[in-house]
Each structure stands twice: as structure tokens, then as C-alpha cells.
Amino acid sequence: MRGTVIHSPRDIRFETLDDPGILHPTDAVIRTAATCVCGSDLWPYRGLEPIGDPHPMGHEYVGFVEEVGSEVTSVKPGQFVVGSFATSDNTCANCRNGFQSNCLHREFMSTCQADYVRIPNAQGTLVATDEVPGEELWPGLLAVSDVMGTGWWAADAAEVEPGSTAVVVGDGAVGLCGVIAAKEMGAERIIAMSRHASRQELAREFGATDIVTERGEEGVARIKELTGGIGADSVLECVGTAEAMRQALHSARPGGNVGFVGVPHEVAIDGQELFFSHVGLRGGPAPVRRYLPDLIDRVLSGRIEPGKVFDLTLPLEQVAEGYKAMDERRAVKALLKP
Ligand SMILES: [Zn+2]
Ligand SMILES: [Zn+2]
């Protein structure tokens with residue numbers, strides 16, 4: 001089969017690789033229907049995360065089941081499936097507590113920008129749709145496998161409630177999906193922080209009521225202005241830089257909550273400041289599996305359209321251009337079709 005391999009910063013190659021097979025009775029192999037490039041793939045691409053030996057890339061996927069191991073009974077060949085970027089058995093104590101992305105048997109997906117993918121823990125990880133959805137729904141379902149699930153977790157962790165005010169820091173695909181989540185959870189006011197016209201437009205379409213273009217302490221001052229001087233009830237931090245985290249913590253009101261889902265890079269938190277702020281903080285890799293059935297339903301019914309975050313669609317073999325376009329911010333998110 002063909003698949004994506006990163007060799008060094010900005011060196012993404014599309015190569016012939018071994019076909020994946022069933023290695024464990026709990027595995028499945030899927031034929032990729034659609035996959036994509038994630039904002040987090042750009043960290044190694046930009047040389048901001050060590051790469052080590054050349055290795056495959058990709059953790060977001062929807063596909064058709066090809067083959068299942070002997071212990072997999074929940075899905076069968078031919079079915080269309082959606083899964084999380086973090087695999088889970090969905091039975092251990094952490095899974096039962098709703099933190100499937102901290103499953104005791106967790107394996108992170110990392111080979112999805114390819115024609116075929118082996119899915120560990122398939123029984124607990126994959127959710128099949130009742131029938132094969134129309135191709136126009138695949139981008140939305142693909143978004144559910146990570147960015148929509150992660151945006152939902154950001155809003156959930158930030159405890160967005162009906163009638164509340166939510167701020168979304170970050171206008172990448174996760175931030176935009178965070179706007180969708182805040183809207184679905186009933187936030188009355190949703191303030192998106194963005195400097196890019198096309199992203200602002202999509203944020204508004206998804207439910208943002210206000211746009212703040214200022215950053216850093218100026219951005220915080222603007223949020224305070226919009227919230228009666230005290231800050232927002234909920235803040236979704238969807239970037240992962242020190243500046244974004246500082247902005248998020250300073251934008252929340254005393255007693256408010258920050259949900260942080262951007263993978264932190266050089267983020268340090270001042271204990272004294274957090275203590276005196278009365279801000280609640282929770283984050284981590286999204287327990288996407290917890291939300292999958294609900295989010296799949298919302299996409300299939302047309303209630304939400306997170307597939308709109310894909311503003312570039314390429315044949316899988318042009319994956320390197322997908323990385324490049326996202327790196328240069330010519331695209332929010334690139335969808336890849338085998
Ligand atoms: Zn991702
Ligand atoms: Zn588990």
C-alpha cells in the first residue's frame with residue numbers, strides 16, 4: 001500500500017509501505033475512506049518536536065472495515081467506521097470513567113495517512129454507522145475522529161452551560177469546532193479570538209457572536225470589556241503555546257473554567273497566580289470515544305457541519321502539499337482522499 005512518512009522537518013514523502021495486517025486478536029484493519037493533516041502534525045513538520053527515525057504519520061480517519069481479529073465482534077468487514085485518534089478497549093476503569101483517551105491499553109494512532117490502517121483495540125475504538133453514509137458526510141465524520149471531538153472536550157472541560165459566555169482561543173480547526181461545541185451546549189455569547197478573515201467568517205457561521213482580533217494582554221483587556229470587567233465563564237484553549245494559555249487563564253472570570261486541549265509546548269503555570277484566580281483548569285487528550293455516538297448522530301442528522309473546517313481536499317498522494325498549505329496558513333485543514 002501507499003502511506004505517508006516524515007523523514008525530517010518539511011520532508012514528507014508518500015511511499016510504498018507494507019500492507020498492515022492483524023497483529024493481535026483485538027485488531028482490525030480498515031481501508032481508509034478519508035484522512036487528513038492535523039495541526040499537531042505541524043509540530044514535527046516545523047522541527048519543533050523531535051522526529052527521530054523516519055516514521056509514518058496521521059491519526060485521523062474514517063474507513064471501511066477490511067478484516068477483524070478473532071476477538072472483535074462489534075464491527076464487521078464492509079462497515080463504515082469512525083474511531084478516535086487514541087484507541088481504547090472501552091472496558092477498563094479509566095474507560096468506564098469516561099476517560100477513554102487514558103485507557104489502560106491505549107495506543108495512539110500514528111499511521112493513518114495511508115491506504116490501509118491497523119486499528120488496535122478495535123472492539124472498543126471503532127463505531128460503525130448503521131449504513132454507509134453519503135460521501136458528502138465523510139468530512140464531518142472525519143472531523144469527529146479528532147478535531148470535533150477535541151473541540152467538544154474543550155467546551156465540556158470548560159463547563160460551558162446554557163446562557164453562559166464562552167471564549168475560544170485559537171482559530172484552527174479545533175478552535176472552530178470548539179465554537180460549534182459551545183453553541184450546541186447552549187452558550188449565549190461565544191467570543192472567538194481570530195485575526196484571519198476567512199476563519200472569522202467560519203467562526204460566525206458556527207455560532208460565534210463576537211470576534212476579538214487582539215492578542216496577549218490586549219486580547220484579555222478586550223474580553224474583560226465584553227464581559228462586564230470580570231472575564232468569561234468558560235474559556236477553550238485550543239492552541240498549546242505559553243501565550244495562548246496565559247491569555248486563556250487571564251480571560252476567565254473568578255470561578256470560571258478553562259478547558260485546554262492544545263498540546264502544551266513550553267507552557268508553565270504559576271501556582272500562586274492560579275490559586276488566587278479561582279479559575280478551574282482541566283484538559284488533556286480528548287476522550288473522543290465518549291462523545292462518538294452522539295457526535296456521529298449530530299453530523300448524520302445535519303445538525304452540525306464540522307466538515308466545513310476542511311478548506312482543502314487533495315488526493316492522498318499529494319499529502320506533502322497538504323502539510324505545506326497548512327504550514328503556510330493557506331489552509332485551515334487538508335482532507336486527503338485515497
Ligand atoms: Zn489531530
Ligand atoms: Zn480502557
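Which residue just after H7 takes a positive phi? Gly207 does, at about 130 degrees. Helices and strands are DSSP runs numbered from the N terminus, with at least four residues (H or I) for a helix and at least two (E) for a strand.

This is a predicted model, in which local features need pLDDT of at least 70 and side-chain atom pairs count only at pLDDT 80 or more, while totals for chains, interfaces and linings use all residues. Residues are numbered from 1 along each chain as its sequence is written, chains are lettered from A and ligands numbered from 1 in the order in which they are written, and side-chain values use heavy atoms, with hydrogens and water left out.

## Overall fold

The chain contains twelve helices and 18 strands. Its radius of gyration is 19 Å, close to the 20 Å that the globule rule gives for 338 residues, so the chain is as compact as a globular protein of that length. The radius is taken over C-alpha atoms, and the rule is 2.2 Å times the number of residues to the power 0.38. Along the principal axes, the C-alpha atoms fill a box of roughly 60 × 40 × 40 Å.

Of the 338 residues, 54% are buried. Buried means under 20% relative accessible area, exposed means over 50%, and partly exposed lies in between (1.4 Å probe, protein chains only). The chain exposes about 14,300 Å², of which carbon and sulfur atoms supply 48%; such areas come from the Shrake-Rupley method with a 1.4 Å probe, and for residues only the protein chains shown count as cover. Among contacts with a separation of 6 or more, 68% are between residues 24 or more positions apart. A contact means heavy atoms within 4.5 Å.

## Zinc sites

Donors are N, O and S atoms within 2.8 Å of the metal (3.2 Å for Na, K and Ca); water is not among the atoms, so sites may look incomplete.

| Ion | Protein donors | Distances |
|---|---|---|
| zinc ion (ligand 1) | Cys38 (SG), His59 (NE2), Glu60 (OE), Asp146 (OD) | 1.8 to 2.2 Å |
| zinc ion (ligand 2) | Asp89 (OD), Cys92 (SG), Cys95 (SG), Cys103 (SG) | 2.1 to 2.3 Å |

The four donor atoms around the zinc ion (ligand 1) subtend angles of 88 to 141 degrees, which makes the arrangement irregular. Four donors count as tetrahedral if all angles lie between 85 and 135 degrees; four count as square planar and six as octahedral if opposite donors are over 155 degrees apart and all others between 65 and 115; anything else is irregular. The donor residues of the zinc ion (ligand 1) have the sequence spacing C-x20-H-E-x85-D. Cys38 is buried at a relative accessible area of 7%, and Glu60 is buried at 0%.

The site of the zinc ion (ligand 2) is tetrahedral, with angles of 96 to 122 degrees among its four donor atoms. Its donors are spaced D-x2-C-x2-C-x7-C along the chain. Both Asp89 and Cys92 are buried.

Ser88 sits in the loop between strand S7 (86-87) and helix H2 (93-96). Ser88 is buried, with a relative accessible area of 0%. Beyond its neighbours within four places in sequence, Ser88 is in contact with Cys95, Gln100, Cys103, Asn121, Gly124, Thr125 and Arg289.

## Helix H7

Helix H7 spans residues 197-206, and its buried residues are Arg199, Gln200, Leu202, Ala203 and Phe206. They cover an arc of only 165 degrees around the axis, which puts them on the same side of H7. The arc is that of the directions from the helix axis to the C-beta atoms. An α-helix has 3.6 residues a turn, so residues three or four places apart point the same way. The buried residues of H7 pack against helix H6 (173-184), strand S12 (189-193) and strand S13 (210-212). On the other side of H7, Ala197, Ser198 and Glu201 are exposed.

## Val68 and Pro25

Val68, in strand S5, is partly exposed at a relative accessible area of 25%. Pro25 is found in the loop between strand S2 (11-16) and S3, and is partly exposed at 34% relative accessibility. The two residues are 43 residues apart in sequence and 7.8 Å apart in space, C-alpha to C-alpha. Leaving aside neighbours within four places in sequence, Val68 is in contact with Ile22, Asp27, Ala28 and Val75. Not counting residues up to four places away, Pro25 touches Gly69, Ser70, Glu71 and Val72.
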